[in-house]
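These notebook entries record what I looked up in the structure, in the order in which I took it up. The chains come before the contact between them.

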Amino acid sequence: MSLKKTVGLKTILTALLISFMSMLLLGVIMNAAYTHTSLGYDLLKINTISTQSANAVTSVVTYFRGLDTLGEVTILFLSIFGIGIGIERSDRMKTILGYDSTLLKIGTKVLFPLIVLFGLYIIAHGHLSPGGGFQGGVIIASGFLLMFLAYGDSYDLDHKVLSLFEALSGAGFILVGILAALAGGAFLGNMLPLGVLGKLFSSGILPIIYIFVGLKVAAEITVLVEYFIRTQDARDA
Amino acid sequence: MLETLNQTTFLHTVVAIGSFTIFTIGLVGVLSKKNLFKIFLSLSIVESSLFLFFIGSHFEVGKAAPIVADGIKLFDGHMVDPVPQAMILTTIVIGVAVLALSLTFVVNYYRLSGNIDIDKMDELGEVQ
């Protein structure tokens, strides 16, 4: 048996074809001309008069394209709902990943309120600084993940409170939109005074929407983390 | 030297090559791995390359983030386009939701069939 490894003609041709296509795709990507639409600059121009929000991304997400955010939150809710149906929830559920460490337990006790507070701060300042509902919600959920890792099965999450938060914040989002429509504007339009740019109580409806989004995302990602960390170990089944 | 590197077109090229590399890594993972879990995680890597490409290709030298902060007093042409960033924010959230849902399907498939190798799937009667 010879040490030389034979490579078939088909393999060589496939490799050549793949590399040629990759070069072609890379060339297309690198030579792409970025046409600058005026949409973003128009939105920046009217941002000061229409929202008074210091963060233009927030005003796009919650005001100019608020309906898209509603759809996005709905998709997140549907996905978590599907996971809840899919994963078996039985009494045999136990935490499959955890660290039994005293240092972690004591540190978590100190850190958990601070993490939740920081998440709330990020949510409430979404219209003033980088951040917002999605980011702050994920930070709060990471605090709960730390609790799951440190305390394992002895940490009981109140599912009623969690579902209440999730449902009420989702309903609150739509309710704010309907109230804005009744107050004379469009659905999810602005009905509150705009205030002064850079103040916490400013930019009308935006912080309210982002607070609802943040609470909803926090509740949903917490449920998601709990589903995955407290599932019955599939390898034991 | 650094001035020539700090050009919008050059940085766009760097972003294109980098995100293309990440895309290729994810694609190779999708095509070559047999484990369902790893296939879905590779898809998520492909997704992250798209995020990087989209955000990076709308970056321009000398323009700030669209946020009124310390040095910047008003919204004008010295800021980058906020629309792609808002869109990618939406896409990231949806990507997380879809990844979680698909991983749930993988867990359930494993629980029902005891198999996670795509070569050994024979639910449609195609026994190898």
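**Entry 1: chain B**

I read the elements of chain B from the N terminus on as α-α-α-α. My tally for chain B is 4 helices and 0 strands; helices (H or I, at least four residues) and strands (E, at least two) are DSSP runs, numbered from the N terminus. I note that this is a predicted model, in which local features need pLDDT of at least 70 and side-chain atom pairs count only at pLDDT 80 or more, while totals for chains, interfaces and linings use all residues. Residues are numbered from 1 along each chain as its sequence is written, and chains are lettered from A and ligands numbered from 1 in the order in which they are written.

I looked up the radius of gyration, which is taken over C-alpha atoms, with a globule rule of 2.2 Å times the number of residues to the power 0.38. Chain B has 21 Å, whereas a compact globule of 128 residues would have a value near 14 Å. I recorded a span of about 65 × 30 × 20 Å for the C-alpha trace of chain B along its principal axes. Of its 128 residues, 22% are buried (20 or more other C-beta atoms within 10 Å of the residue's own, with C-beta atoms placed from the backbone).

**Entry 2: chain A**

I found 8 helices and 0 strands in chain A, in the pattern α-α-α-α-α-α-α-α along the sequence. I noted 33% of the 237 residues of chain A as buried.

**Entry 3: the side of chain B that touches chain A**

I then turned to contacts, defined by C-beta atoms, placed from the backbone, that lie within 7 Å. In these terms 31 residues of chain B are in contact with 37 residues of chain A. Helix 2 (8-32) and helix 4 (82-113) of chain B are the elements that give two or more residues to this side. Helix 4 of chain B gives the most, with 18 residues. I divided the residues of this side of chain B into 21 nonpolar, 7 polar and 3 charged; Ala, Val, Leu, Ile, Met, Phe, Trp, Tyr, Cys and Pro count as nonpolar, Asp, Glu, Lys and Arg as charged, and the others, Gly among them, as polar.

**Entry 4: the helix pair**

How do helix 4 of chain A and helix 4 of chain B pack, and at what angle? I recorded an angle of about 15° for helix 4 (residues 66-86) of chain A and helix 4 of chain B, with their axes 9 Å apart. Axes are lines fitted to C-alpha atoms, for helices over the stretch in contact, and angles run from 0 to 180 degrees between N-to-C directions. The two helices are therefore roughly parallel (angles under 35 degrees). By class, their contact has 10 nonpolar, 6 polar and 2 charged residues.

**Entry 5: L224(A)**

I located L224(A) in helix 8 (residues 206-229) of chain A. Is L224(A) buried or exposed? L224(A) is buried, because 22 other C-beta atoms lie within 10 Å. Leaving aside neighbours within four places in sequence, L224(A) is in contact with I80(A), I83(A) and A100(B). I noted 7.8 Å between the C-alpha atoms of L224(A) and I83(A), which are 141 residues apart along the chain.

Conventions
A residue is buried if 20 or more other C-beta atoms lie within 10 Å of its own, exposed if 12 or fewer, and partly exposed in between; C-beta atoms are placed from the backbone. Two residues are in contact if their C-beta atoms, placed from the backbone, lie within 7 Å. Angles under 35 degrees count as roughly parallel, over 145 as roughly antiparallel, 65 to 115 as roughly perpendicular and the rest as oblique.
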